[in-house]
Amino acid sequence: MAQKHAISPTREENYPEWYQQVVRAADMAENSPVRGCMVIKPWGYAVWENIQKNLDARFKATGHVNAYFPLFVPLSFLQREARHVEGFAKECAVVTHHRLEAGPDGELVPAPSAKLDEPLIVRPTSETIIGEMFAKWIQSYRDLPLLLNQWCNIVRWEMRTRLFLRTTEFLWQEGHTAHATRQEALEETDRMLGVYADFAQDFLGVPVIKGVKTPSERFPGAVDTYAIEAMMQDRKALQAGTSHFLGQNFSKAVGIRFLDDSGSEQHVWTTSWGMTTRMVGAMIMTHGDDDGVVLPPCVAPSQVVILPVIHKDEVRSQVMEYCQSLARELAEQSFAGQPVRVEVDSRDLRGGEKTWSWIKKGVPVRLEIGPRDIAQDSVFMGRRDKGPREKKGVPRSEFVGGISELLQEIQQGLFDRARKLRDTHSHKIDSRQEFYDFFTPKSRKRPEIHGGFAYAHWSGDRSEEETAKSDLGVTIRCIPLDSPEEDGKCVLSGKPSPKRVIWAKAY
RNA sequence: CGGGGCGUGGCGCAGACUGGCAGCGCGCACGGUUCGGGACCGUGAGGUCGGAGGUUCAAAUCCUCUCGCCCCGACCA
């Protein structure tokens with residue numbers, strides 16, 4: 001008896017629970033014995049590795065190089081930038097001792113004699129420690145720009161966590177750059193925002209909007225925070241990457257000075273930018289369906305999985321040989337500049353179960369190969385962007401020759417579908433009543449999927465943001481960079497406004 | 001930190017009100033029948049019921065204390 005869907009509940013029934021079940025069914029990650037920390041399992045980690053590989057190439061192509069800085073930051077470093085401390089102090093893990101010993105009850109306790117003179121914090125971000133090194137390395141305008149990136153883990157002691165979307169420890173990259181002029185630093189901030197947007201859209205098929213954050217949503221210590229915002233299938237916004245223009249805030253706090261070409265002392269202008277394992281969650285919530293994860297081909301660890309159909313031992317070697325040669329032939333093809341990634345699944349599992357395991361993992365293309373297909377020199381193909389039973393036979397040579405186009409078609413199709421969903425649920429809103437209606441679910445007890453992106457005017461007043469947040473749980477996600485200047489009135493206060501901003505419920 | 005809920009084989013749960021041999025479904029192992037499909041039948045392995053103390057002839061169940069986790073809120077990539 002076939003189930004209707006592989007994932008229960010469906011997105012419609014209970015979106016947050018659907019998400020958890022999808023991650024689980026795809027075997028991508030699970031909660032660990034450590035509070036708020038996840039274990040990323042091989043399939044999930046392979047996705048992250050592909051993200052890393054592609055992003056890293058984009059960083060290199062824009063002139064950045066990788067380096068590595070310590071996991072620990074002296075407490076006093078954090079304190080140097082006033083707003084920075086304020087923002088991060090309440091979520092810092094602190095190391096106070098360097099040795100354990102048996103306590104009165106025989107249990108291990110931190111040794112009083114091994115108390116650190118100055119506590120260390122586990123980095124929640126690395127501006128201060130990297131800035132400290134920058135100050136040593138930068139003397140002259142000839143040392144600039146300095147364009148570094150590091151791949152590492154971060155700890156932020158959040159109250160509530162969810163796999164990939166928000167975990168106490170997470171993986172990310174953080175770019176840190178120093179420039180001679182304000183203009184150069186602004187250009188860098190914008191360039192990296194562009195890199196993130198292109199990556200999200202072209203690689204992960206996640207449509208994003210580039211924008212600047214309001215002061216209340218700004219990175220602690222930044223002059224301006226830019227972000228890319230995406231809409232998930234529950235119509236909530238997810239911040240998918242940030243690029244900060246830090247001005248001279250950190251260079252003044254840490255003392256990063258140089259002599260310019262006229263011999264006068266200046267402070268450098270810095271930027272920082274980051275993207276995290278949250279992107280895996282963003283991708284899942286953008287493309288996933290009621291049968292599980294749907295992976296865009298670019299990021300899929302395996303783009304094609306071959307499922308040998310063997311129901312008699314006599315055909316085993318023939319079928320396996322055909323599958324192996326097909327796999328080799330496919331791997332000689334290329335997609336997005338790389339060899340097609342193919343896997344032959346020879347696990348000792350029942351056919352249906354095996355097929356469904358790959359559906360739940362989100363592999364773009366499945367090929368079922370049995371004696372019948374071999375006789376016709378064809379493949380029996382299923383696509384993850386179509387229904388699980390919507391399969392068809394294709395002549396082998398035609399399939400192999402067209403694999404690159406097929407993967408491209410799936411990649412593009414997923415992006416288009418996601419953009420359509422976002423556009424369908426994005427509206428210009430001009431009255432307070434309409435605004436409240438848009439963000440109020442019909443059923444209060446069990447809120448249905450509702451709302452979306454409201455393009456509405458905002459006067460720039462903080463109190464209006466607070467009203468929207470306390471009344472509706474809605475915040476300004478960003479002030480879109482590409483939206484035109486347009487005189488209007490704030491949808492909440494009626495005060496004059498120069499531009500529409502995006503309001504939404506957010507993760 | 002405020003409000004709710006839950007800890008029972010690997011996973012999901014029942015049993016608790018009214019104390020009486022620790023159960024069910026899934027998964028797992030083996031055998032068989034099937035199989036271009038998430039099949040079925042049979043057999044089997046696996047639990048000191050989160051922990052400590054108490055009441056009792058007898059505690060998963062009642063009482064006291066304690067630890068942990070999840071959900072809703074505030075915080076957030």
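**Chain A and RNA strand B: a guided reading**

Lys-53 is exposed, because 11 other C-beta atoms lie within 10 Å of its own and a count of 12 or fewer places a residue in that class. Like every feature described here, this result belongs to a predicted model. Lys-53 is found in helix H2, which comprises residues 42-61. Along the chain, Lys-53 and Gln-376 are 323 residues apart, and their C-alpha atoms are separated by 39 Å.

The overall division of the protein may be considered next. The domain assignment of chain A gives domain 1 as residues 15-287, domain 2 as residues 304-406 and domain 3 as residues 426-504. Between the C-alpha centres of domain 2 and domain 3 the distance is 48 Å.

Strand S9, residues 146-155, pairs with two other strands. With strand S3, residues 65-66, the pairing is parallel and rests on two bridges; in this pairing Asn-66 has Asn-149 of S9 as its bridge partner. With strand S10, residues 169-179, strand S9 runs antiparallel, and 10 bridges join them. Gln-150 stands opposite Glu-174 of S10. The loop between helix H5 (127-137) and S9 contains Pro-145. The peptide bond that joins Leu-144 to Pro-145 is cis, with omega at about -5 degrees.

Helix H6, residues 182-203, includes Arg-182. This residue is partly exposed, since 13 other C-beta atoms lie within 10 Å, a count between the limits of 12 for exposed and 20 for buried residues. Arg-182 and Leu-246 are 64 residues apart along the chain, and 9.7 Å separates their C-alpha atoms.

The surroundings of the RNA follow. RNA strand B is surrounded by 33 residues, of which the closest are Met-159, Gly-351, Gly-352, Gly-370 and Arg-372. The largest share, five residues, is supplied by H10.

Ala-336, in the loop between strand S18 (334-335) and strand S19 (338-339), has a phi near 50 degrees, a positive value in a residue other than glycine. Ala-336 is partly exposed, because 15 other C-beta atoms lie within 10 Å. Asp-377 is found in the loop between H11 and strand S22 (378-383), and its phi is likewise positive, near 50 degrees, in a residue other than glycine. Asp-377 counts as exposed, because it has 10 C-beta neighbours inside 10 Å.

Methods: Residues are numbered from 1 along each chain as its sequence is written. Chains are lettered from A and ligands numbered from 1 in the order in which they are written. This is a predicted model: local features need pLDDT of at least 70, side-chain atom pairs count only at pLDDT 80 or more; totals for chains, interfaces and linings use all residues. A residue is near a molecule or strand if its C-beta atom, placed from the backbone, lies within 6 Å of it. Helices (H or I, at least four residues) and strands (E, at least two) are DSSP runs, numbered from the N terminus. Domain bounds come from an automatic or database domain assignment. Two strands pair if DSSP finds at least two bridges between them.
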